[in-house]
Amino acid sequence: MRRNSFKFALGLAGLAILALLLMATWQFAFPLIWDYHNSGRAAKLRFIDPNNPGEILAEADRLAWVFNSQASEPLYARAEQLFAKSGDQADEIHARVGLVRARAETMSFVDISQSLAKELDKPVVRDDPRLKLWVLAAKGYTDIEINPSAAKKEWQEAREIASRLGEKQWVERADGELAIFGFLEGDSTRAAGLICSALLHAMAYGEIGRASCRERV
């Protein structure tokens, strides 16, 4: 009985720590996110070549990074059409996955997960680590709603790929997502460490709203 009470107390403590950290994150991040959302609206006013899929996709990714789905949705839809016409399968998939995630709140999470699983099975995705990272992250965001164990594995794999690619932004985002599973599993110490690391990285590098993992060179 005492052991169960102790575990319950630890769980409550972990949730309290998580709440405090999230509040701290939001307090720091809110001005930046607000600025990026404003710039997202302004992006409709500044010129983006409607026939340049690379420009469109880059802007969609920038908006998606700060979870501005409403603004990114039409851009992903346009980019997907243009890449399909040009025969660029990799970027077509990238845009399609972004579009699916942008519409996630209006779709079945089960259907989205199954759709993303099919994308992961395609050779072009398996052979392109940056594209695979993009699809894994999208599936991880989806599966956390319906299959947490699968989501944890997807974020772990995404983190490994991001680390190999030197994508620090994605490493830190994966750590933030994996922290959730740490709290759910009762490992509050490790979870708090992951969240603190992600927060400190965001504060140090001002990375909120930067481009996605498929950066052009």
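Visitor: In which helix is the place of Thr142?
Guide: This is a predicted model. In it, Thr142 belongs to a helix, and that helix is H7.

Visitor: Is Thr142 buried or exposed?
Guide: Residues under 20% relative accessible area count as buried. Thr142 has a relative accessible area of 0%, so it is buried.

Visitor: Which residues does Thr142 touch, not counting those up to four places away in sequence?
Guide: Contact here means heavy atoms within 4.5 Å. With residues up to four places away in sequence set aside, the partners of Thr142 are Arg101, Phe109, Ile112, Ser113 and Leu116.

Visitor: Why is H7 largely enclosed by the rest of the structure?
Guide: Look at the buried residues of H7. Among them are Leu131, Trp134, Lys139, Tyr141 and Asp143. H7 is largely enclosed because buried residues number 12 of its 15.

Visitor: How far does H7 reach from its first C-alpha to its last?
Guide: H7 has 15 residues. At 1.5 Å a residue, 21 Å is expected. The model comes close to that, with a reach of 20 Å.

Visitor: Which residue caps the N-terminal end of H7?
Guide: Go to the backbone nitrogen of Arg130. A side-chain oxygen lies 3.1 Å from that nitrogen. The oxygen belongs to the capping residue, Asp128.

Visitor: Which element gives the largest share of the lining of the second largest pocket?
Guide: The pocket has 22 lining residues. Elements that give two or more of them are H2, H3, H4, H7 and H9. The largest share is 4 residues, and it comes from H7.

Visitor: Which lining residues lie nearest the centre of the second largest pocket?
Guide: The pocket holds about 480 Å³ of space. Nearest its centre lie Ala64, Phe67, Ser69, Arg101 and Tyr141.

Visitor: How many residues of H4 are buried?
Guide: H4 is mostly covered. Its buried residues include Asp91, His94, Arg96 and Val100. Of the 14 residues in H4, the buried number 12.

Visitor: What covers the buried residues of H4?
Guide: Several helices take part in the cover. Among them are H2, H3, H5, H6 and H7.

Visitor: What span is expected for H4 at 1.5 Å a residue?
Guide: H4 has 14 residues. From its first C-alpha to its last, H4 reaches 20 Å. That is close to the expected span, 20 Å.

Visitor: Which residues is Ala174 in contact with, leaving aside its neighbours within four places in sequence?
Guide: Ala174 lies in H9. It is buried, with a relative accessible area of 0%. Beyond its neighbours within four places in sequence, Ala174 contacts Trp155 and Arg159.

Visitor: What distance separates the C-alpha atoms of Ala174 and Ala162?
Guide: Along the chain, Ala174 and Ala162 are 12 residues apart. Their C-alpha atoms are separated by 8.8 Å.

Visitor: How many helices are there in the chain?
Guide: Read the elements from the N terminus on: α-α-α-α-α-α-α-α-α-α. Strands number 0. Helices number 10.

Visitor: What percentage of the residues in the chain do buried residues make up?
Guide: Buried means under 20% relative accessible area. The chain has 217 residues, and the buried share is 44%.

Key
Residues are numbered from 1 along each chain as its sequence is written. This is a predicted model: local features need pLDDT of at least 70, side-chain atom pairs count only at pLDDT 80 or more; totals for chains, interfaces and linings use all residues. Side-chain values use heavy atoms; hydrogens and water are left out. On a 1 Å grid over the protein atoms alone, a cavity is a set of points where a 1.4 Å probe fits but cannot get out, and a pocket is an open set with protein on both sides within 12 Å along at least five of seven lines; lining residues have an atom within 4 Å of a point. Grid points are joined across faces, edges and corners, and a volume is the space filled by probe spheres set on the points. The expected span of a helix is 1.5 Å times one less than its number of residues. Buried means under 20% relative accessible area, exposed over 50%, partly exposed in between (1.4 Å probe, protein chains only). A polar contact is a pair of N or O atoms within 3.5 Å; within protein, one must be able to donate a hydrogen and the other to accept it, and residues adjacent in sequence count only if both atoms are side-chain atoms.
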